[in-house]
Amino acid sequence: MTTRTPGERPLRTDAARNRAAIVAAAQRAFAEQGLQVPFDEIARRAGVGEATVHRRFPDRDALIAAAFGDKMTAYADAAAEALAAADPWQGFCGYVRRVCAMQSGDRGFADLLTITFAAANPAVEDLEQRRDAGFRDWIAIVARARSSGRLRPDFHPDDLVVLLMANAGVVAATAGTAPDAWQRHVEYMLQAFTAGDTQPLPPPPARATLVRALQRTQRT
């Protein structure tokens, strides 16, 4: 069976096979190299011509939406589960660990959280809605953790973007020699986020500047 956007006509068997191969190839390529992988590279991995990739996915946004549908669902589910946790602090920590784990195995994932889509189609809109729902839940997760007294009061939701940038650097530097090193880094950061006898932090950078910085980090 092939997942389709409502209203789409069923694909022929060979076309469905090609689409599945392209999506699988894109998932691997995006995970390894980020979201800017050329279409010809994805076509080569899928064993099809580049024209076939463009026929199935007329623009990069459509291919990204197809490749990251399951991962975006997992991201939104992680936020919803953390928000529902009985212990707000444990919900906060569990969410941060899960998002960083998702990032550690996929270079394109952090970009996905901040990318601005140009295309307008049902698949892209659905992806954006799930992403936005996850971020709204994250803001609520932060508020609950602050109210519990366990999260330092000056933590800002956009501090997660800074953490993802730092985590991307650790992942990239240690992937071939110590692929689990990011876990120690994340635990250090969670301890730094804990309320206690801490000095006030400088104000956070504007979100737009953080987004641009994260996107550059993921492309290096």
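Predicted model: local features only at pLDDT ≥ 70, side-chain atom pairs only at ≥ 80, totals over all residues.

Entry 1. I noted the ranges: helix 5 is residues 69-84 and helix 8 is residues 122-147. Their packing angle is about 25°, and the axes lie 8 Å apart. The axes are lines fitted to C-alpha atoms over the stretch in contact, with angles from 0 to 180 degrees between N-to-C directions. Their crossing is left-handed, meaning that the near helix is turned anticlockwise from the far one by less than a right angle (clockwise would be right-handed).

Which residues of helix 5 and helix 8 meet? On helix 5 I found Gly69, Met72, Tyr75 and Leu83 among them, and on helix 8 the list includes Arg130, Phe135, Asp137 and Ile141. Contact here is heavy atoms within 4.5 Å. Sorted by class, this contact has eleven nonpolar, three polar and four charged residues. Ala, Val, Leu, Ile, Met, Phe, Trp, Tyr, Cys and Pro count as nonpolar, Asp, Glu, Lys and Arg as charged, and the others, Gly among them, as polar.

Entry 2. Pro88, Trp89, Phe92, Tyr95 and Val96 of helix 6 touch Trp138, Ile141, Val142, Arg144 and Ala145 of helix 8. I sorted those into nine nonpolar, no polar and one charged.

Entry 3. I zoomed out and saw eleven helices and zero strands in the chain. Those are DSSP runs numbered from the N terminus (helices H or I, at least four residues; strands E, at least two). How does the radius of gyration compare with a compact globule? With 220 residues a globule would be near 17 Å, and the chain has 19 Å, which agrees. The radius is taken over C-alpha atoms, and the rule is 2.2 Å times the number of residues to the power 0.38.

Housekeeping. I number residues from 1 along each chain as its sequence is written. Local features need pLDDT of at least 70 and side-chain atom pairs 80 or more, totals for chains, interfaces and linings use all residues, and side-chain values use heavy atoms, leaving out hydrogens and water.
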